[in-house]
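Thanks for coming, everyone. Please take a look at the model on the screen, and then we'll walk through it.

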There are 2 protein chains.
Amino acid sequence: MNGAGIGNMTRLERGHVTLSDVARACHLSVSTVSIVLSEAPLSRHVAEATRQRIRVMAERLGYHPDVHARSLRRRRTQTIGVLAFDMSDPFCIPVVHGIEETLQAAKYFSLQVNAQTQRMLFDRYLRMLLERRAEGVIVIASWVFEETNLLADIEKNNVPVVIVGRDLTARRITSVLVDNHAGGALAMRHLLDLGHRRIAVIRGPEEMFDSEPRWQGIRDAACAAGIQIDPRLTFQLPNQVNPRSGFEGGLRFAKDMLASGVPFTGVLAFDDLTALGVVRGLSEAGLHVPGDCSVLGFDDILSAAISTPGITTIHQPLHEMGTLAAQRLLETLDHKGESRAPKARLHRLGPELVVRTSSAPPIPETEFKSQRSPVRVDK
Amino acid sequence: MNGAGIGNMTRLERGHVTLSDVARACHLSVSTVSIVLSEAPLSRHVAEATRQRIRVMAERLGYHPDVHARSLRRRRTQTIGVLAFDMSDPFCIPVVHGIEETLQAAKYFSLQVNAQTQRMLFDRYLRMLLERRAEGVIVIASWVFEETNLLADIEKNNVPVVIVGRDLTARRITSVLVDNHAGGALAMRHLLDLGHRRIAVIRGPEEMFDSEPRWQGIRDAACAAGIQIDPRLTFQLPNQVNPRSGFEGGLRFAKDMLASGVPFTGVLAFDDLTALGVVRGLSEAGLHVPGDCSVLGFDDILSAAISTPGITTIHQPLHEMGTLAAQRLLETLDHKGESRAPKARLHRLGPELVVRTSSAPPIPETEFKSQRSPVRVDK
DNA sequence: TGTTGATGTTCAAACGTTTGAATGGTATAT
DNA sequence: ATATACCATTCAAACGTTTGAACATCAACA
């Protein structure tokens, strides 16, 4: 039998092995082959011998069903778009993992695109997801995420959306995010518990959603402990799209606060990158972490764990957030027929304190001494 | 005109706005609308007024062409599959960026999938790329990449492949990678130039492609300088799929080498994660980098740049590697018709030394003293 | 008067798959 | 004998798009 030969010829002409190639090689109709290979209900009625024959031949020819043809006919793509604002942000990776895991289990495919912090790309990719007929979209808004009315276009084609990292319930979009207020409070309480009283705070950029609630949490925790935060020790990162700018910001502010002469024994940085910048700044001035000053981050990215000292930080349940976002989206998809729209829900997940070695009790006598000569080196 | 109304009704029934919705709303045939919206050559012959009318209506209804139908008909998907062995490896991100950039310019779409170091997923995703009719595939083999015969299946469907991070030219696959030998030599020469003589080396896992050439480069550089590498100061990371295991390995080996009592003033780590592990290990023993010991990494990932001290490392031109891989693939695609296969090429890109603060000249009197009590703490 | 050549639009087939309905069987029950 | 049920397979239409060929209209030229 030269079935394989036929298949080869056809492949050369057409580029891909199709159902009809397999059918021809088996001397059967396209229908039968389709029914068997796609394991349709009808395939129960196909003789086992025939099924075997078809499967073997498909394998031999290297047949792979064409998703485009299938989607067209089935009117379902089994695809969810995942639009990350910046995939290189360490924040994204675990979220995406969580999403992938959940979607995979539900036999969905996740189509990931990366806007690289560019508004233009964001729009283009959103359009692309629509064109590829994603059945739903998850947006990961790790960094600044400006309003885009393309989200409206998405709803015009009634494609449900879930957003991670930002509260858009006001726009009737289900949102999944960490409880920033609780996280901020957790961080502040940790420093207070260690005995710190003079604490510097580096707030996130004004445009960034997380900034305000974290700062609120920090203030509330301070307030509850009857502590004032010295306004001379609060700073705010500038609005910048580049997520790495946090490092430079932390570095600069650390030097600023040392130069100001205002004493402090601990720093609450907006995120881990900022914290690492602070560590660098202090270190360049000859100070040690945590000996001379404790530093806390937020997010729990890889770099925080593997730097020395390890950065004490607030862990975001990123994986879980991804999982949850995917689950909610799948549920919405399930209830697609029922016209009463399942209302947008807000999921705020609890953060966790991860204690590493960048935090320690303040050394009593140095508490008001941190303006000692910054050039002094300890050896 | 209640065109919009019709569109809405149809959308509710069918889920998506199609060409025929637009056509009906414009009182034109599907063909005309298609010709105009896809800017086919024939559209020159369509009256400008008509074109406007069509475009406006398409916009109003929120029409987006169905990629599946289009691909099916055009027999081209304009899609390149990008299969990363582990997207969470910091190595991948810049490579993917480079790829995306190049493909975008060529109006191609990059379909990214992430095998998460799991062989099973690798196979599944490769199949998926075939089913989605990717016209070519770029494999990013950052970490251990076992042979898979699915690559053969890919060629069976004559989909060209380019691999990044590994030399598979022996299998007739165009390969793009950093010149590991040169990189290893560069690192060694840097330490030698600084005056180091007793240098520990942590080699990569045996199964990993980069390990051997880097080690060769290191030895050749040492040899050229007439220096012997003490076998008691060479270590090898175990075979592990988890890329993060490099950190633990570095940590452990640092302690081992201190415990062994064999003096050393510098460490060449296999990669940045390993280097960071070494820094941690030395630090836990009370030693300072670079004061007591210099540490070099390889790769130049984010964590190396933002940790303190910054890790001196060998930079891989990852972005460029991505760009190059994409370019080669596109070229192959262009010459698809011509049956003489453009033979597989090997591209070895030059690495660069990035000097940060983890390396410094050895302090003469401590050169043979590093076996001083490892428990001593400097403060 | 017929030919050529634009211009503006439509026809109809095709891409590869799925699937409800239909086909022709054979065996069992009425 | 006819009806019923099941088995194994095929028909044919449809999904949304593209595109070579065709059509109709009008103008200008031989």
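At what angle do helix α2 and helix α4 of chain A pack? Before the reply, some housekeeping. This is a predicted model: local features need pLDDT of at least 70, side-chain atom pairs count only at pLDDT 80 or more, and totals for chains, interfaces and linings use all residues. Residues are numbered from 1 along each chain as its sequence is written, while chains are lettered from A and ligands numbered from 1 in the order in which they are written.

Now the helices. Helix α2 (residues 19–26) and helix α4 (residues 48–61) of chain A pack at about 125°, and their axes are 10 Å apart. Axes here are lines fitted to C-alpha atoms, for helices over the stretch in contact, and angles run from 0 to 180 degrees between N-to-C directions. Helices (H or I, at least four residues) and strands (E, at least two) are DSSP runs, numbered from the N terminus. So α2(A) and α4(A) are oblique to each other. Oblique is what remains after under 35 degrees (roughly parallel), over 145 (roughly antiparallel) and 65 to 115 (roughly perpendicular).

Who makes the contact? From α2(A), we have A:Asp21, A:Val22, A:Ala25 and A:Cys26; from α4(A), A:Arg53, A:Ile54, A:Met57, A:Ala58 and A:Leu61. Contact means C-beta atoms, placed from the backbone, within 7 Å. Seven of these residues are nonpolar, none polar and two charged. Nonpolar covers Ala, Val, Leu, Ile, Met, Phe, Trp, Tyr, Cys and Pro; charged covers Asp, Glu, Lys and Arg; the others, Gly among them, are polar.

Next, the two protein chains. Chain B superposes on chain A by a rotation of 180° with 0.0 Å of shift along the axis, RMSD 0.2 Å. The same surface serves both copies, as 95% of the contact residues of chain B recur in chain A. Each chain puts in 41 residues.

Methods:
Contact = placed C-beta atoms within 7 Å. Least-squares fit on C-alpha atoms with pLDDT ≥ 70 in both.
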